[in-house]
Amino acid sequence: MAQATSAEALAQWNAAATIPLWSGAAPNGGFRPQTLPAGSPPVFLRNIEQPYLRVFRPARPNGRSLLSIPGGAYTFVSIANEGVDIAREMTARGYTVLVLVYRLPGEGWAGRADVPLQDAQRAVRLIRAHSGEYGCDPAKLYAVGFSAGGHLAASLATDFAQPVYPGADKADAQSARPRAVGLIYPVISHEPGVGHAESSLRLLGESPSADLVARRSPALHVTAETPPTFLVHAMDDPAVPVDNSFIMLRALRAAKRPVEAHFFEEGGHGFGLGPPDKPVRSWIELLANWIERQEAIAAKAA
């Protein structure tokens, strides 16, 4: 399936239903709109005061939901290649896809390092609470994240139960743990030269304490409760070194958690579905097949 142009992506995005994450003001407060860079693409969302989900529904639902968390260095949310394109591919497979537009930590929020995780936890809980409306099984909820969104998906996988906001309503009684997660060229480390400097700066601020860095280093938080994980990275990634996925892979193996990893020679960074003439394009088929195996494992264990 071809990747959408920016105009096509915006049209599909605007046609999709919206679910606000918070009924009132989002937690933490302090939002300050930022001046947009000249020529900022309209598919790079910024100044997010009220986070939300966009819902893409399949013609033939398979009972599963997929939360897609786009990247953007915690500076913007890239809704085309890591939102609309993913939704088109996975709704064709029967998934109800919900794309998360989360708050950006550098836009004035108090307790900035917790803000994206607040939105990710809340998104999973809302999807579960309303899954019946979309013909989905609340247990069959998966998540996939890209780049900084991969960091957020990894944080969700490892810190789904970390208290980061007061309960808002009945939906917050739901678990925020996905059944399994896909981490696509994810930011994992904040170590200089290993992690992604802009993502770390936006999330943690200019001089974070060692405790804060550790709090938002998901590889340090892998436990026996971390869901099965699927990793994808290109060896030639110039922005987020492949070492980030190696770090997460080692942590998952040390904790004896189910993990599958695919490392491609070519692909660079931010490839979304990937160019059709490169092997990296196969990752989404590999992910879909891996989810089928997770379903079979869960059914056998039930």
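Start with the aromatic rings: by the rule used here, this predicted model has 11 aromatic pairs. Rings of Phe, Tyr and Trp (its six-membered ring) pair if their centres lie within 6.5 Å; planes under 30 degrees apart are called stacked, over 60 edge-to-face, and the rest tilted. Two of the pairs are listed here.

| Pair | Geometry | Centre to centre | Angle between planes |
|---|---|---|---|
| W13 and Y52 | tilted | 6.4 Å | 55 degrees |
| Y74 and Y102 | edge-to-face | 6.2 Å | 75 degrees |

Helices (H or I, at least four residues) and strands (E, at least two) are DSSP runs, numbered from the N terminus. Both W13 and Y52 are buried, where buried means under 20% relative accessible area, exposed over 50%, and partly exposed in between (1.4 Å probe, protein chains only).

Y74 has a relative accessible area of 3%, and Y102 comes in at 0%. Elsewhere, ring pairs tie F146, Y185, F271 and W283 into a cluster.

A quick word on the ground rules. Residues are numbered from 1 along each chain as its sequence is written, and side-chain values use heavy atoms, leaving out hydrogens and water. Since this is a predicted model, local features need pLDDT of at least 70 and side-chain atom pairs count only at pLDDT 80 or more, while totals for chains, interfaces and linings use all residues.

Now for the sheet. It is open, with eight strands in the order β1-β3-β6-β4-β7-β8-β9-β10 and mixed pairing; two strands pair if DSSP finds at least two bridges between them. At the edges stand β1 (17-20) and β10 (259-264), each with a single partner strand, so one side of each has no neighbour in the sheet. From one strand to the next the twist averages 20 degrees, with axes being lines fitted to C-alpha atoms (for helices over the stretch in contact) and angles running from 0 to 180 degrees between N-to-C directions.

How many bridges pair β4 and β6? Four, in the parallel sense. On the β7 side, β4 is joined by five bridges, again running parallel. S68 shows both partners: it stands opposite V99 in β6 and opposite V144 in β7.

Why is β4 largely enclosed by the rest of the structure? Because five of its five residues are buried. S65, L67 and I69 point one way from β4, and L66 and S68 the other. In a regular strand the side chains alternate between the two faces of the sheet.

L67 turns up again in the largest nonpolar core, which has 89 residues; those with the most contacts inside it are W13, L53, L67, L100, M248 and W283. Such a core is a set of buried Ala, Val, Leu, Ile, Met, Phe, Trp, Tyr and Cys residues joined through side-chain atoms within 4.5 Å. Its largest share, seven residues, comes from α3.

Finally, A171 is in the loop between α4 (148-159) and β8 (180-184). A171 is buried, at 7% relative accessible area. Its contacts (heavy atoms within 4.5 Å) include R122, R125, L126 and A129, not counting residues up to four places away in sequence.
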